[in-house]
Amino acid sequence: MGLLALYWGFLAAGYILAARLRQRVQKTGSVQKVMMITIYILVFIMGLRMGVNEQVTSNLGIIGLQSLVITVFAVAGSMLAIFGARKILGMDRYGSMNKEETSGIEKEDGGKNEHASISSSDIKSTVIILLLVAAGMLCGCFIISRCFPEILGAFDSASSYALTVFICILLAFVGFDLGISGNVISNMRTVGVKACVFPFAAVAGSLVLGTVSGFFFGFSVREGIAISAGFGWYTYAPVVIAGAGSQYAIASAVSFMHNVIRELSGIILIPILAKKTGYLEVTGIPGVAAMDVCMPIVERSCRQDTVVYSFATGLLMCVATSVVVPLAMGV
C-alpha cells in the first residue's frame, strides 16, 4: 500500500501542477520525449534484472508460450464480457439501439477503409523497447552474472530502488500530460453512466479468464491477477512485479511479453474484427492502449462515437493496473 500511495501521489501531483499551469504552458512534445526516455530506462533495467535471473534465461521458450496463452484468454474474457453487457442493454454489434441508426451505419461502412494505418512512430517505439529489453537481458546474463557474480545481491537491491524511482518520475509526467490536455474529465462526462458498463465488463472479464489461464502454468493467484491486470501496460506492470522480489522474475517476464502481445493484438486485430465481432467488443482487445495508440485505429475501423467507449475502457484499465498490480503483489 505504501508504494501504491507513492505512485498515485506522483500521478496526482503532476496532474494538479499541469492543471494550474494550463493557461501558461502550451502542450508540446517535450513531455512525451521525457516519458519515452524514462520508459526506455525502465525497460532496460527490467531487462537487466531478467538477464541476471537464471530462471528467466533458461525458460524463454516456455515464457513465450505462457504469455501467448494468457493473452488469448485475457482478450477473450474482455470481448465476451462486453458482448454480454451489450446484449443485456439491447445494443447491436454497431453499438446502436435502433434499426434506423444501424442501417445508416452499414451504408456508411460500405465505403470505409477496412484497414486502419499504424503510426510509424508507434512501431519505432515498440521496436526500441523490445531491443532495450533484449540488450538488458544480454548485459545482465553475460556481463553482470558472469563477470561480477559477487555483486548480484547489491545489484538486486539497487535495481529495485531504481525501478521505484523511475516509475514515480514516469507517473508524474503522465499526470502532467493529462493535466495539460485538460480533457480527461470532459471525456468521462461524455461517456456517461451506461457507457461505463463496458469498460467495467472488459476489466472483469480479462481479470477472470486471464487469472484462470495462469493456473494452467502453475502461477499463484497473486501472480495470475498481477499478470492479467497489466492490461497491455508493458512499461509498468512487469516493472512493479519485478520490484516485488527476485522470486517473481518469471511472472515479470511473462507479464512483459503478455502485455506487449496484447497491445500489438489491438493494432493488428481491431481493423479485422471490428465488423465481424462488434464495434464495442474490439475496444477491449488492446487494454490501456485503447485510450492512446489504438484510438485512431478504433475511429477508422468503427463508428466515430466508438472512440468514447475506447477512451473510457483504456482509462479504466490504466487506473485498474495502477491499483490492482501493486495490491496483488503486496507492494
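The crossing of H9 and H10 is right-handed, where right-handed means that the near helix is turned clockwise from the far one by less than a right angle, and left-handed that it is turned anticlockwise. Helix H9 covers residues 197–215 and helix H10 residues 221–228; helices are DSSP runs of H or I with at least four residues, strands are runs of E with at least two, and both are numbered from the N terminus. This is a predicted model, in which local features need pLDDT of at least 70, side-chain atom pairs count only at pLDDT 80 or more, and totals for chains, interfaces and linings use all residues. Residues are numbered from 1 along each chain as its sequence is written, and side-chain values use heavy atoms, with hydrogens and water left out.

H9 and H10 pack at an angle of about 130°, with their axes 8 Å apart. For such values, axes are lines fitted to C-alpha atoms, for helices over the stretch in contact, and angles run from 0 to 180 degrees between N-to-C directions. H9 and H10 are therefore oblique to each other; angles under 35 degrees count as roughly parallel, over 145 as roughly antiparallel, 65 to 115 as roughly perpendicular and the rest as oblique. On the H9 side, Ser206, Leu207, Gly210, Thr211 and Phe215 meet Val221, Gly224, Ile225 and Ser228 of H10. That contact is made up of four nonpolar residues, five polar ones and no charged ones. Here Ala, Val, Leu, Ile, Met, Phe, Trp, Tyr, Cys and Pro count as nonpolar, Asp, Glu, Lys and Arg as charged, and the others, Gly among them, as polar.

| Pair | Axis distance | Crossing angle |
|---|---|---|
| H9 and H10 | 8 Å apart | about 130° |
| H9 and H15 | within 8 Å | roughly 45° |
| H10 and H15 | within 9 Å | roughly 160° |

The angle between H9 and H15 makes this pair oblique, and H9 passes H15 in a right-handed crossing. Phe198, Pro199, Phe200, Ala202 and Val203 of H9 touch Tyr309, Ala312, Thr313, Leu316, Met317 and Ala320 of H15. Sorted by type, the residues of this contact are 10 nonpolar, one polar and no charged.

H10 and H15, in turn, are roughly antiparallel to each other, with a left-handed crossing. Arg222, Ile225 and Ala226 of H10 make this contact with Val324, Val325, Ala328 and Met329 of H15. Its residues divide into six nonpolar, no polar and one charged.

**A closer look at H9**

How well does the span of H9 agree with its residue count? At 1.5 Å a residue, its 19 residues should span 27 Å, and the end C-alpha atoms are 28 Å apart, which agrees; the expected span is 1.5 Å times one less than the number of residues. Among the buried residues of H9 are Phe198, Pro199, Ala202 and Val203, as well as Ser206, Leu207, Gly210 and Thr211. Buried means under 20% relative accessible area, exposed over 50% and partly exposed in between, with a 1.4 Å probe and protein chains only.

**Single residues worth a visit**

Phe231 lies in the loop between H10 and helix H11 (237–243). Phi of Phe231 is near 45°, a positive value in a residue other than glycine, and Phe231 counts as buried at 0% relative accessibility.

Leaving aside neighbours within four places in sequence, Thr306 is in contact (heavy atoms within 4.5 Å) with Tyr279, Leu280, Thr283 and Val298.

Gly47 sits in helix H2 (residues 30–51) and is buried, with a relative accessible area of 0%. The C-alpha atoms of Gly47 and Ala134 are separated by 6.5 Å, although these residues are 87 residues apart along the chain. Beyond its neighbours within four places in sequence, Gly47 is in contact with Val133, Gly136 and Met137.

Helix H4 (residues 60–88) has 29 residues that should span 42 Å at 1.5 Å a residue, and its end C-alpha atoms are 42 Å apart, which agrees. Just after H4, Gly90 takes a positive phi of about 75°.

**The whole chain**

The protein chain has 15 helices and zero strands. Of its 331 residues, 50% count as buried. Among contacts between residues at least 6 apart in sequence, 82% join residues at least 24 apart.
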